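Open the structure in your viewer and keep the selection tool ready. We will go stop by stop.

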Amino acid sequence: MIKTEKHLRVRNYRGQTVRVVREHYLREDVPCNSELCLAGCPSDGKTLLPMATHYIVPDCQVTRDYLEILELPEITGILFLQTVLHSVLHHGNRRSYNNIRKMVKDPRQQCTIFANEYCHYAYCERQPGELLKEWQLRSVYEAAVWYYNHLAGQVSIVMITEDQEFIAKFAAKTRQVFLLTMQEYLKTFWPTLSNALDIYESLSASLSESTVEKDTTKGYKEYLPQEILSAGIKSGRYIQGCVHVNKHRPQREAFVQRAGGGMKESGTDSDIIISGMLARNRAVDGDIVAVELLPKSQWVGKIISLTETHEGIENTEAMIDSSNVMPTGRVIGILQRNWRDYVASFSADKENKGNTSKAGKVLVIPWDYRIPKIRISTRQSDSLGDHRVIVRIDSWPVDSQYPNGHFVQTLGSIGKLETEISSILVENSISIRSFSEGQIKELPSNSSDDPWTIDPEEVARRQDLRDSHLIFSIDPKGCEDVDDTLSVRQLPNGNIELGVHIADVSYFVKPNSLTDLEAKSRATTVYLADRRYDMLPPILSADLCSLIGGEDRYAMSVLWQLSPNYDVIDVWYGRTVIRSAYKMFYEAAQALHDGKDVRDDIPELEGLDEEVIQERLRELNFSISTLMSIARHLKSKRESGGAVQLEGLEIQVQLSDKKDIQDLVPKQALEIHETIAECMIFANHWVAKKITEAFPSFALLRHHPLPRQEHFENLLYCAKSKGFSVDTSTNKNLADSLDRCVDEKNPIFNKLLRTLATYAMSNALYFSTGSLSRDQFYHYGLALDRYTHFTSPIRRYADIIVHRLLMAAIKEDEENLLLGNKELQDLCDHINHKNRAAQHAQRASQELFQALYFKDRDPNTDESCVVDAVIFGLRTNGVLVFIPRYRARISVAASHAHTSMTRFDLVASVPYCSNHKEENATQRLHEKTDIVQEVTRDVKQEVAISTEINDELGSDFNELKSKYGQTKDHCSIYSLLQQFKEMGLEEES
């Protein structure tokens, strides 16, 4: 080891530049992290694969400017030098630095870091008077040459740099060490990778435009230095939080959710209103910002109008709730940019066409209302005028009205189903790619030529329940990933044994395997209206881990011994071998309990004698009836503790035998649904207790924080309108209040209140027990002191972690494979983020199909377009309505045109009168069943219809009509308010 000195210039907390001298040690044993190494360098597991044709060594500028290209999965074998990482961290941005770290941790990217500045033979000392850029280039080149020689010339090295003088000087200096620009590299090695070439062209155009047209009229302010922001947040003068833009009023209203601390003297922990674009000061939705509170005399309330209009905002004071002001502030600095990929489209108006000629830039309109227009450089605006494209933001100068960005790729023509689905995935940062060959190879196969069978040695280590227990599953129709089964039996001592048996996914998915890393990255299975994207490969999700009827499968089981009064006497956890006897769906199980003949709905009974069938139906009926009785007891016990029964917009997807979407129906309320749910909640609760007792500081639990009282505003208002009072102080009081709010004349009223209560709830979150205090473990909605997810490991990665914790808790697995508190909490944050994205995508896909279903339907002739609705809120320019027929809460207001927006017209002002009681279950199911079927079937017909209309009336007829067509008299806001007035007069008379 050699000791040297390193001279640095750094800034102190006052912003002054100070020269410091630090000790710098050079070593000869710095690992190269390559499997081709012949010198026996120690390896830390981060290795470059030997089958790479060449290794890529990007310089500092290329890494900062073209990291998006290097992140593409096709480009592998990248060697990031320590010099480059320091440059990205100190002269680039923290997000790029973190992205490189993530790439290195992911073995699929096949890249690594080489600490060249600590390697005795690869380090280059900076010469007196040498510019930083020159030293960095020389360091990268010398490290690349050393690396090539260290590997004895087994693989070529390609250094990528944009410095033409450096290339001319060193290109021919070392054989097999090539110096290329990014464009030359892509055209030489990846000529068919059009995506990379498109990104390069867009980035190059953005970088070449070093200056943009200034817009000093916007009045944005410079951000305060990071040192001042940090000190201000620490002292409480400034507040740190995340920006959330109101999607209905994106130009005027945003909120900053506090991250904790700051402004203790304000006396409130509520969100902070950021009113207007000037106060937002170039912050984008999702950014972490520093906020300065305005004087209380400048505080404002929430805007009570619904949406904005193209004409601008008038009567501003009338649209703001001045009676209930909130803390109001302005953004003074950005702590972390959370920019992502944005779906956008090109505007067709004249204003934007004029902008195309200004410095070659064009404004694109993001699909998400919360994101401002983005100025990009592209020469494809004419050809992509009717396409949705992906863009990224690069910067937002203080003198620019709009942020600058670049084009990434196109998704397809606007209005096509696949384009809109892709837009939903991109907007929610959901990246779906096929499972790699390496992942498939590390998993067992199961085919007719090579059938999978259980291992006798593994069976010997497990509890064998195949002959002793009647095990069965109850799932929705078409369910493939059966990850939970149940059993119940009478014990000789008179007690009852309840069993919950879950697919043992952790047996197949080993920690840090390729399948485990991919499952961790996805975190959850994504369910859309017409498709799903699995977390695990099909060989596991639909086969080996699916608890298929009649097949031997590995399981994780929890067995309770219950007294005749259903009190828990004993509980057992462990690995088991099971064979599910029946695979039933909900309706058949409910019908069996109700005494109906369901033999045709249970395939396992086919071909049996009548006597055998009757005997098996009796056994199955006893099990289901016992389960229902146990579930009623469990639910009653939870409700007595304050559990809240909410009304969610739960949609059930039914698949055909060909795995295609068959039906999309609102979930029919059956007692068997609650029975299965209660058993799963029971298992999750007891597993949570077990892993918390074993690992009090790093167990994965799920908690439901207390809802914020201001979120109950709509609920309280609606209940009061009918003369009811709702107590939201505790979950117990809320549950009791909702039970009392029953209107015999309007059966939808209680359902509406429970739906509003659902919207008021906080999101349930995963967490590590070492990150929160014990009193924060509580699950508000379920009224349980500890709760986790254990019962769905096929579709949730959190459950896989919980399985590993449980096995370690009962001493069947080693504890050294478990994550510590910090690592586990980081993983929980990742899973929470992915879960929210999957939920938003699912909801957006349902809204998409709803919009496509009603597209081009005539409300005057089509009965499906006229439905009853309940008005539950008034705004200055519209109303909020609840439509029970389609199980959706919809905002109705005047709005500018949008391709995926559904418009609802008021056709009558008579009071709501429901005839749902007379409708049978089959009718209710088919109210929304046809939506997905008809939309999917008519995609091709829509194209033909659109073409015919364009030929007859002109291609721009629909657009002109939507923008300038007169509002119908019966649905104008004036007519609406006039009808409210007449209704009021009728009531008085």
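Keep in mind that the model is predicted.

**Stop 1: L536**

Select L536. It sits in the loop between β25 (532–533) and α17 (538–544). Is L536 buried or exposed? L536 is buried, because its relative accessible area is 0% and buried means under 20%.

Now show what surrounds L536. Leaving out residues up to four places away in sequence, L536 touches F435, V505, V509, T515, A519, S541, P793 and I794. Pick P793 from that list. L536 and P793 are 257 residues apart in sequence, yet 9.6 Å apart in space, C-alpha to C-alpha.

**Stop 2: R804**

Select R804 next. Look for it in helix α24 (residues 797–809). R804 has 12% relative accessibility, so it counts as buried. Its contacts include S506, V509, K510 and P511, and also D516, Y797 and L818. Again, residues up to four places away in sequence are not counted. V509 is a contact of R804, and V509 is also a contact of L536.

**Stop 3: the cores**

How many residues does the largest nonpolar core have? It has 91 residues. Select those with the most contacts inside it: L540, W560, M584, I624, I672, L700 and F790. Then zoom in on M584. Beyond residues up to four places away in sequence, M584 touches F472, S473, I474, D475, A589, I602, L620 and I624. There is also a second, separate core of 82 residues. Among its members are V57, W146, V526 and L528.

**Stop 4: salt bridges**

The whole structure holds 40 salt bridges. Start with R531 and E418. Their closest N and O atoms are 3.0 Å apart. R531 lies in the loop between β24 (526–527) and β25, and E418 lies in helix α12 (residues 417–427), so the pair ties together parts that are 113 residues apart in sequence. E418 is partly exposed, at 48% relative accessibility.

Move to E458 and R461. Their side chains meet in a salt bridge of 2.7 Å, N to O. Which partner is buried? E458 is, at 8% relative accessibility. R461 counts as exposed, at 55%.

Now select D552 and R579. In this salt bridge the closest N and O atoms are 2.8 Å apart. D552 is in strand β26 (residues 552–562) and R579 is in strand β27 (residues 568–579); the pair links distant parts of the chain, 27 residues apart. R579 is partly exposed, with a relative accessible area of 31%.

Finish this stop with D285, R340, D368, R370 and E427. Salt bridges that share partners join them into one network.

**Stop 5: aromatic rings**

The structure has 20 aromatic pairs. Select W452 and F508. Their rings form a tilted pair, 5.9 Å centre to centre, with 55° between the planes. W452 lies in the loop between α13 (437–441) and α14 (456–460), while F508 lies in helix α15 (residues 505–508), so the pair ties together parts that are 56 residues apart in sequence. W452 is buried, with a relative accessible area of 16%. F508 counts as buried too, at 11%.

Next, highlight Y55, F114, W146 and Y147. They form one aromatic cluster. W146 also belongs to the second core.

**Stop 6: the surface**

Switch to a surface view. Select Y717, I871 and L874. They make a nonpolar surface patch of about 310 Å². L874 is found in strand β33 (residues 870–875).

Terms used
Residues are numbered from 1 along each chain as its sequence is written. This is a predicted model: local features need pLDDT of at least 70, side-chain atom pairs count only at pLDDT 80 or more; totals for chains, interfaces and linings use all residues. Side-chain values use heavy atoms; hydrogens and water are left out. Helices (H or I, at least four residues) and strands (E, at least two) are DSSP runs, numbered from the N terminus. Buried means under 20% relative accessible area, exposed over 50%, partly exposed in between (1.4 Å probe, protein chains only). Contact means heavy atoms within 4.5 Å. A nonpolar core is a set of buried Ala, Val, Leu, Ile, Met, Phe, Trp, Tyr and Cys residues joined through side-chain atoms within 4.5 Å. Patches are made of residues with over 30% relative accessible area and no salt bridge: like charges are joined within 9 Å, nonpolar side chains (Val, Leu, Ile, Met, Phe, Trp, Tyr) within 5 Å. Accessible areas come from the Shrake-Rupley method with a 1.4 Å probe; for residues, only the protein chains shown count as cover. A salt bridge is a side-chain nitrogen of Lys or Arg within 4 Å of a carboxyl oxygen of Asp or Glu. Rings of Phe, Tyr and Trp (its six-membered ring) pair if their centres lie within 6.5 Å; planes under 30 degrees apart count as stacked, over 60 as edge-to-face and the rest as tilted.
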